[in-house]
Each structure stands twice: as C-alpha cells, then as structure tokens.
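Morning, everyone. I have one structure to walk through today. Please have the sequence and the model open as I talk.

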Amino acid sequence: MRSAAKSSSSTRKKGKRPTSQVAPYIASLPADSRREIKRLRAAIRSAAPGAVEGTSYGILAFRLDGRVVVYFAGWKAHTSLYPLTAGMRRAHGEELKGYTTSKGTIRFPLDRPLPTAFVKRLVKARVAEMRAKDK
C-alpha cells in the first residue's frame with residue numbers, strides 16, 4: 001500500500017494527470033448527456049491534435065504542452081465547454097448568440113444537435129491564444 005501511494009504522489013509531482021478517471025466520468029452521465037459528451041470530446045480531439053485527455057476539478061479536460069486547453073462536462077440538460085475567453089467571445093460573438101453563456105462557459109443544450117464545426121473553431125481559437133501567449 002505504501003508503494004502505491006508513493007507512485008501516485010510521484011506522478012502528481014511530475015505534472016502528469018491520470019486518465020483513468022475519464023471512462024468512469026463518462027459512464028456516470030445520463031444516456032443523452034453521455035452521447036453528446038462523446039461527440040464534444042471527438043470535436044475537441046480533432047481540433048487540438050496532440051492534446052492529452054484527463055480530468056481536472058472533477059470534469060474532463062484536454063491539455064496541450066502540460067496546460068489545459070479546455071475543460072468540458074456533461075449535465076442533465078446540456079454539455080459545457082470552458083473557458084470561454086474574451087478573445088473567443090470577440091472572434092465568435094455572432095455564433096455565440098444562439099447559446100447560453102456565462103463569463104467563462106458556453107452550454108450546448110442536449111435537445112439540439114451539437115455544433116461540432118463551431119466547437120472545433122472555438123477550440124482552435126483557444127489553442128491559438130495559448131500559442132500567442134508563448135511567444
């Protein structure tokens with residue numbers, strides 16, 4: 001038992017996040033939410049190749065170069081994508097009008113088809129912001 005705890009803590013120290021919590025998170029969702037979170041997940045993965053999937057703050061996340069690109073979650077009536085940055089709002093303001101947003105979140109209702117092309121544009125904009133900060 002002691003060695004398992006040691007292994008776990010050394011993994012955390014290196015900044016690696018275990019992905020073992022992804023499948024249980026998805027499995028815990030209601031059927032409609034589970035179906036849509038899988039679509040959202042595929043769109044994010046497509047828009048951010050090389051990003052590593054995991055969990056953070058109890059929800060799903062994709063990291064690129066060790067930093068979170070986006071978080072996403074499934075709920076009873078919607079899926080959510082975080083963060084919705086000021087730059088993303090400026091670039092996609094018109095498209096955002098059809099969705100419920102808050103300061104840093106966009107919600108995609110389960111009773112409408114997931115706008116995968118729009119999700120991909122949002123994720124690509126987020127990746128571009130992160131790369132611009134690196135320069």
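I'll start with the overall layout, go through the sheet, and finish with some individual residues.

First, a caution: this is a predicted model. Please keep that in mind throughout.

The overall layout, then. The protein has 135 residues, and 41% of them are buried. It has 5 helices and 6 strands. Read the elements from the N terminus and you get α-α-α-β-β-β-β-α-β-β-α. Now contacts. Take those between residues at least 6 apart in sequence: 50% of them join residues at least 24 apart.

Next, the sheet. In what order do the 6 strands sit? The order is β1-β2-β3-β4-β6-β5, in an open sheet with antiparallel pairing. The edge strands are β1 and β5, the latter covering 100-102, and each of them pairs on one side only. From one strand to the next, the twist averages 25°. As a reminder, strands of a sheet pair through backbone hydrogen bonds, either parallel or antiparallel.

Let's look at β4. Is this strand enclosed or open? It is largely enclosed by the rest of the structure, because 5 of its 5 residues are buried. Look at where the side chains go. His78, Ser80 and Tyr82 point one way. Thr79 and Leu81 point the other way. All of these residues are buried. In a regular strand, side chains alternate between the two faces of the sheet.

What pairs with β4? On β3 there are 4 bridges to β4, and the two strands run antiparallel. A hairpin of 3 residues links β3 to β4. Gly74 stands opposite Thr79, and Phe72 stands opposite Leu81. Strand β6, residues 105-109, is also joined to β4 by 4 bridges, again antiparallel. There, His78 stands opposite Pro109.

Now the helices against the sheet. Helix α5, residues 116-134, lies across β2, β3, β4 and β6. It runs at about 155° to β3. Back to the sheet itself: 6 strands, with antiparallel pairing. The edge strands are β1 and β5. Helix α3, residues 31-47, packs on this sheet and touches β1, β2, β3, β4 and β6. The direction of α3 makes about 160° with that of β3.

On to single residues. Start with Tyr25, in helix α2, residues 22-27. Buried or exposed? Tyr25 counts as buried, because its relative accessibility is 14% and the cut-off is under 20%. Which residues does Tyr25 touch, leaving aside neighbours within four places in sequence? They are Gly58, Ile59, Leu60, Ala73 and Gly74. Take Gly58: Tyr25 and Gly58 are 33 residues apart along the chain, yet their C-alpha atoms are separated by 8.4 Å.

Thr55 is next. This residue sits in strand β1. Thr55 is buried, with a relative accessible area of 10%. Its side chain makes a polar contact of 2.6 Å with the side chain of Gln21.

Last topic: the backbone. Most residues other than glycine have a negative phi, and most peptide bonds are trans.

Where is the cis peptide bond? The bond runs from Tyr82 to Pro83, with omega near -15°. Pro83 is in the loop between β4, 78-82, and α4, 86-96.

Tyr57 lies in the loop between β1, 52-56, and β2, 59-64. With 75% relative accessibility, Tyr57 counts as exposed.

Then Asp65. Here phi is positive at about 55°, again in a residue that is not a glycine. Asp65 belongs to the loop between β2 and β3, the latter being 67-74. Asp65 is exposed, at a relative accessible area of 60%.

To recap: look at β4, where 5 of the 5 residues are buried, and at the cis bond from Tyr82 to Pro83. Thanks, and I'm happy to take questions.

Conventions
Residues numbered from 1 in each chain as written. Predicted model: local features only at pLDDT ≥ 70, side-chain atom pairs only at ≥ 80, totals over all residues. Heavy atoms only, no water. Buried < 20%, exposed > 50% of the residue type's maximum accessible area, 1.4 Å probe, protein only. Contact = heavy atoms within 4.5 Å. Pairing = 2+ DSSP bridges. Axes fitted to C-alpha atoms, helices over the stretch in contact; angles between N-to-C directions. Polar contact = N/O pair within 3.5 Å; in protein donor to acceptor, adjacent residues only side chain to side chain.
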